[in-house]
Amino acid sequence: MISFYPGPSRIHDDIPRYVKEAAKKGILSINHRSDEFMHISEKTIGLLKKKLNIPDDYTLFFTSSATECWEIIAQSLVARRSYHLYNGSFGQKWYDYTKRICSGVRQYPFEREELVNPKKYRFGAEGGVICITQNETSNGTQVSNETIRLVSENNPNHLVAVDATSSMAGIALDFAAADIWFASVQKCFGLPAGLAVMVCSPRAMEQVEKIGERDHYNSLTFMAEMMEKWQTPFTPNVLGIYLLMRVMEDSKSIEAVEKKLVKRYNGWVDFFGNSSNLTHLVKNTAAHSFTVIPVAAPAEVVTTIKKEAKKKGLLLGEGYGELKASTFRIANFPAIKKEEIEKLQRFLKSFV
Ligand SMILES: *Cc1c(COP(=O)(O)O)cnc(C)c1O
């Protein structure tokens, strides 16, 4: 089965080999306080910085999921206020999770076809955390690096946190433009689920210290202390970190990866541009995600396509939430192969 599901998604072909390698080297049972682990952790963080162009003075953390990152931000970085700009299910979930933990949480929903206008968002003198979902996996839209930078510049007293779960390691993110970034690895990284990466600017780390929240196993104060020795407070997903290290070692520069994905994205736009039955869910191409392609079709066509695709060994992403019946989604993640996309397009041709 070839998975085009936008997470968990197709893993890199080399993963089984790396897992065997890890078993052979005894990494599956190493202690997370050992020199051996600290070396793997340090090396992985160095590779992430290098391959993804993350500024050197940013601090990286390993967590279990993007959802955990939502909670960590709420616990350790939102002193009073957070401001959530979103147009889909993941951005809304982030808002919902934060609201359970913090009291001063505000939402600024916008339309699927709408671009974030940075001029509209000026949040006043009292500091807070502005939360943006860079790539909205549920509806295939994205917020540009430039927009994130402008929102950040217009709100100098605030931190900007970015959920880049379905774009990090796929497109080139401007890490310097915001203070907190995170992603779990089962999307663009092409790895099995159970690990996430969180990236924090020096300003974010100053705020962590100022707030000094220490009530949780994953409080950032505590995580930062452990990270000074390349460790985590809890026993982490050591195999996941090892696999991440190996995948990063072998990966091309993020510019090259992005170029490949944008080319494939353009191929998909052309493909559906010629169809009357199947269309890109989002009319405004400026809002399109490069990594998740949502396809709208009459409900009975969606049902048939998904069923027939499965018989052909092609797994399509379900439409998300309220879009379940009227859409399906195609992941445009780096681990997917050119021949696999061609196979899917041959299959879809009879429905266009
Ligand atoms: C998948 C996804 C999440 C949730 O990731 P988990 O690792 O399951 O917590 C959060 N945000 C976005 C944008 C996602 O695509």
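**Exercise 1.** How much space lies in the largest pocket?

*Solution.* The structure is a predicted model, in which local features need pLDDT of at least 70, side-chain atom pairs count only at pLDDT 80 or more, and totals for chains, interfaces and linings use all residues. Residues are numbered from 1 along each chain as its sequence is written, and side-chain values use heavy atoms, with hydrogens and water left out.

Step 1. A pocket is an open set of points, on a 1 Å grid over the protein atoms alone, where a 1.4 Å probe fits, with protein on both sides within 12 Å along at least five of seven lines; lining residues have an atom within 4 Å of a point. Grid points are joined across faces, edges and corners, and the volume is the space filled by probe spheres set on the points.

Step 2. The largest pocket holds about 490 Å³ of space. It is lined by 22 residues, of which His12, Asp250, Ser251, Lys252 and Lys260 are the closest to its centre.

**Exercise 2.** Determine which element gives the most to the lining of the largest pocket.

*Solution.* Step 1. Helices are DSSP runs of H or I with at least four residues, strands are runs of E with at least two, and both are numbered from the N terminus.

Step 2. Two or more lining residues come from each of helix 2 (35-52), helix 8 (238-250) and helix 9 (254-273).

Step 3. Helix 9 gives the most, with four residues.

**Exercise 3.** State how many disulfides the structure holds, and examine Cys69.

*Solution.* Step 1. A disulfide is a covalent bond between the sulfur atoms of two cysteines. The criterion applied is a pair of cysteine sulfur atoms within 2.5 Å.

Step 2. The structure holds zero disulfides. For Cys69, the nearest cysteine sulfur belongs to Cys200 and is 8.7 Å away.

Step 3. Cys69 is buried (under 20% relative accessible area, with a 1.4 Å probe and protein chains only; exposed is over 50%, partly exposed in between), its value being 0%.

**Exercise 4.** Describe the surroundings of His288.

*Solution.* Step 1. His288 lies in the loop between strand 11 (279-280) and strand 12 (292-296). With a relative accessible area of 4%, His288 is buried.

Step 2. A polar contact is a pair of N or O atoms within 3.5 Å; within protein, one must be able to donate a hydrogen and the other to accept it, and residues adjacent in sequence count only if both atoms are side-chain atoms. The His288 side chain makes such contacts with the side chains of Tyr265 (2.6 Å) and His280 (3.1 Å).

Definitions and conventions
Contact = heavy atoms within 4.5 Å. Lists of a residue's contacts leave out its neighbours within four places in sequence.
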